[in-house]
Amino acid sequence: MTMTAAAKQAERRKVLAGTVVGTTIEWYDFFIYAQAAGAVFATLYFAPAGETVGQIVAWASLGISFLFRPLGAIVAGHLGDRLGRKRMLVLTLILMGLATALIGVLPTYAQIGVAAPVLLVLLRVLQGFSAGGEWGGAALMSVEHAPENKRGFFGAYPQIGVPLGMILATATMWVITTTLTEEQFLTWGWRLPFLFSIVLILVGYFIRRAVEESPVFKELQERKGESAAPLKTLFSKHAKEVVLAALIFIANNAAGYLLIAFFSAYATRPEAEGGLGLERPPVLLATTLASFGWLAFTLFGGIVSDRIGRVRTFQIGYVLLGIWAVPMWFLIDTGNIFMYFLALFLMTVGLGLSYGPQAALYAEMFPADVRYSGVSIGYAIGAIFGGAFAPLIADLVFGATGASWTIGLYILGVTIVSLVAVSLVKEPKGVALNTRSNEVVTV
């Protein structure tokens, strides 16, 4: 039975709500770990390694989960192309929430010894596995429900779930650090954001359950049997597209994880240890407020891409990100909280413009029968070479040079790589999504 225009519009609103709420919750869970890695995990779980090495190990534990995102992407992508986008979205949400809640009750090294960091890393791996399958499903649910001329706008909704998750995670940490003493925070207060995830997961679960399956997947189901092995098809016919998708993402993800995890840790680190020595609450507040810029420019990037194209929007974003990569450190190093906020906010302009169009671009790069696998695996591989170890690399670069602006050279380098990669894609805007022939064209 054909849906009326009003019913179709109502369903699209439910899809947008389901994708943005779900991705916000998923990424809140993922980012709250990043916040804790910079604030408490070195002390509570990796203490025997020493303070400096413990922080490096904590950053490494943040990055190791990215190595398992491709596995999550392969599993969820394969099942998503076979069983549906909706089922995978619900499953990944539950897995992420379970891992996050268990971190909230995990004993520390002082309580159970070496088992504590081992279990922490295992739960982080489960988070990475879940996140690997989350983004592709949310991106496709939104883009495949969208009118052709609004795919960028619809696709920006799962994208804004990332800055919204960042805002929620950072704001939660800010509330806790301003209401508890440092001792209370280190003893038990840091656990509250992880346990809060249980409530968020219940909300997200019921919202996602109410969303209809993607219309493109429904069409595939009607012709099921045509593609018995979507993964085999993906790697034999679309390997180039997977590589391009990964390279396009690395700069945005690397810069994003500096905003998510490194900047606040650097700003609150004592001056004797090479940091700025700022108080944690105002730094978290400034980071939260700057993240609203990431949200706004991500949504703007999706809308603009419907007008001027995905590739052009990406190019503008990456040029702006590259230009600002080095100068922002001179504002940050003033030690003034307002300059710190301004540096981060201006970075979010390029960050958002190179993130908003991503869901639409990736969906248009792959044919329907391998689309979930293609976008998920490309995204996950890009995250490994982008954000997985960006905070760790930033710490190592700073330790080797003693000059924070050299971290900007690292970001500039990966930005050039991503800019070249996206420039190799011929604009795919407007390609038919419900066929098996919408292959990306490179130049």
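Me: Which side chains meet R269 in a salt bridge?

Reply: Good place to start! A salt bridge is called when a side-chain nitrogen of Lys or Arg lies within 4 Å of a carboxyl oxygen of Asp or Glu. Here the partner of R269 is D395, at 3.1 Å from N to O. The two link distant parts of the chain, 126 residues apart: R269 sits in the loop between α13 and α14, and D395 in helix α20 (residues 390–401). Helices are DSSP runs (H or I, at least four residues) and strands likewise (E, at least two), numbered from the N terminus. Keep in mind that this is a predicted model, where local features need pLDDT of at least 70, side-chain atom pairs count only at pLDDT 80 or more, and totals for chains, interfaces and linings use all residues. Residues are numbered from 1 along each chain as its sequence is written, and side-chain values use heavy atoms, with hydrogens and water left out.

Me: Is R269 buried or exposed?

Reply: Buried means under 20% relative accessible area, exposed over 50%, and partly exposed in between (1.4 Å probe, protein chains only). R269 has a relative accessible area of 13%, so it is buried. D395 is buried too, at 12%.

Me: How many salt bridges does the structure hold?

Reply: There are six. One of them pairs R371 with E144, whose closest N and O atoms are 2.9 Å apart. Because R371 lies in helix α19 (residues 371–385) and E144 in helix α7 (residues 115–145), this pair ties together parts 227 residues apart in sequence. Both R371 and E144 are buried.

Me: Where do R280 and E182 lie?

Reply: R280 is in helix α14 (residues 280–308) and E182 in helix α9 (residues 182–187), so their pairing ties together parts 98 residues apart in sequence. Their side chains form a salt bridge of 3.3 Å, N to O. R280 is buried at 18% relative accessible area, while E182 is partly exposed at 46%.

Me: At what angle do helices α13 and α15 cross?

Reply: Axes are lines fitted to C-alpha atoms, for helices over the stretch in contact, and angles run from 0 to 180 degrees between N-to-C directions. Under 35 degrees counts as roughly parallel, over 145 as roughly antiparallel, 65 to 115 as roughly perpendicular, and the rest as oblique. The axes of α13 (residues 239–268) and α15 (residues 310–324) come within 11 Å and cross at roughly 45 degrees. The two helices are therefore oblique to each other.
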